[in-house]
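Let's take a friendly walk through a protein model together. Have the sequence and the 3D view ready, and look for each part as it comes up.

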Amino acid sequence: MSRLIIFKADDSSAPGWETRTLQPGGSLTDLLGQHFDYSNGPVPEVGYRLPEFKHDDAAATFDHRGGVTHQRLSPWRVSRVDEYVGNTGQEAMDDVVIAYCAYAPLPEDQNPWVETAPAIVSPDSFGGDMAAYEAWKSRQVVTV
Amino acid sequence: MTQSSDRSTTSHFAINEDCCRKMAAKYGWTLLEARRRIAARDPLVVECIFKGDAQFPKSPMDFSGGNDQ
């Protein structure tokens, strides 16, 4: 099944409100993120935290080739979950969940940044276009 | 273990965000974020970040330790 999970701040005045804007228009928003879930898993539980990511090559062990280098738990903790299930069978997503989040940062010493693994490249990276994938592969520098 | 302690993610580069969503639907993954790849020197300008260990049943090719410069 397909599920769109929309994460929203439960308080539009929570810290950082000045920079929570929709681009390119700049309108203020309480949207924090969205997940496209095809795992058939459960909806997010109260207490689930959104992850946050950063790009910091200087602190990375691997070459991430412009991808994110680190992740940790974000300050946003799910406090309430509303679920809306499609009723026609024609919806783009079977299920839409709105997860309201409270701003509850963890102490820095309990929430270190952890380096992520470098990204994978496959034919699916090119939408299944095997020729494009092979062309990309042929341009990669092989290091020994 | 609760969901709040599940930190693991897997990244895949892609040519656009649509490819991220297609991968999620094809393999039953959860797409957490699609981000613009910084200073991409090839068509793979988007990074798809999936929840957990989003590996293929049989990995076609993994350039995770490679260098595309």
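## How chain B is put together

In chain B, 60% of the contacts with a separation of 6 or more are made by residues 24 or more positions apart. Keep in mind as you look that this is a predicted model.

What does the secondary structure of chain B come to? You will find one helix and three strands. Starting at the N terminus, their order is β-α-β-β.

Chain B has 69 residues, and 41% of them count as buried. The accessible surface of this chain is about 3600 Å², with 49% of that belonging to carbon and sulfur atoms.

## Where the two chains meet

Now bring chain A into view. How many residues of chain A are in contact with chain B? The count is 46 residues of chain A, which touch 45 residues of chain B.

Between chain A and chain B, an area of about 4000 Å² is buried, and carbon and sulfur atoms give 55% of it.

## The largest pocket

Next, let's look for empty space. Rolling a probe the size of a water molecule over the atoms shows where such space is left.

The largest pocket has a volume of about 250 Å³. Its lining is made up of 14 residues, and the closest to the centre are A:L32, A:P51, A:E52, A:S74 and B:E33. Sorted by class, the lining has seven nonpolar, four polar and three charged residues.

Which elements supply at least two residues each to this lining? From chain A they are β2 (31-37), β3 (49-54) and β4 (70-85), and from chain B there is β2 (30-36).

## The second largest pocket

The second largest pocket holds about 190 Å³ of space. To trace its lining, pick out A:I6, A:R20, A:T21, A:L22, A:T29, A:L31, A:L32, A:G33 and A:Q34.

By class, the lining of the second largest pocket divides into four nonpolar residues, four polar ones and one charged residue.

Technical notes. Residues numbered from 1 in each chain as written. Chains lettered and ligands numbered in written order. Predicted model: local features only at pLDDT ≥ 70, side-chain atom pairs only at ≥ 80, totals over all residues. Heavy atoms only, no water. 1 Å grid on protein atoms, 1.4 Å probe; cavity = no way out; pocket = protein on both sides within 12 Å on 5 of 7 lines; lining within 4 Å. Points joined across faces, edges and corners; volume = space filled by probe spheres on them. Helix = DSSP H or I, 4+ residues; strand = E, 2+ residues; numbered from the N terminus. Nonpolar A, V, L, I, M, F, W, Y, C, P; charged D, E, K, R; others polar. Buried < 20%, exposed > 50% of the residue type's maximum accessible area, 1.4 Å probe, protein only. Contact = heavy atoms within 4.5 Å. Areas by Shrake-Rupley, 256 points an atom, 1.4 Å probe, with all protein chains shown as cover. Buried area = accessible area lost by both parts, 1.4 Å probe.
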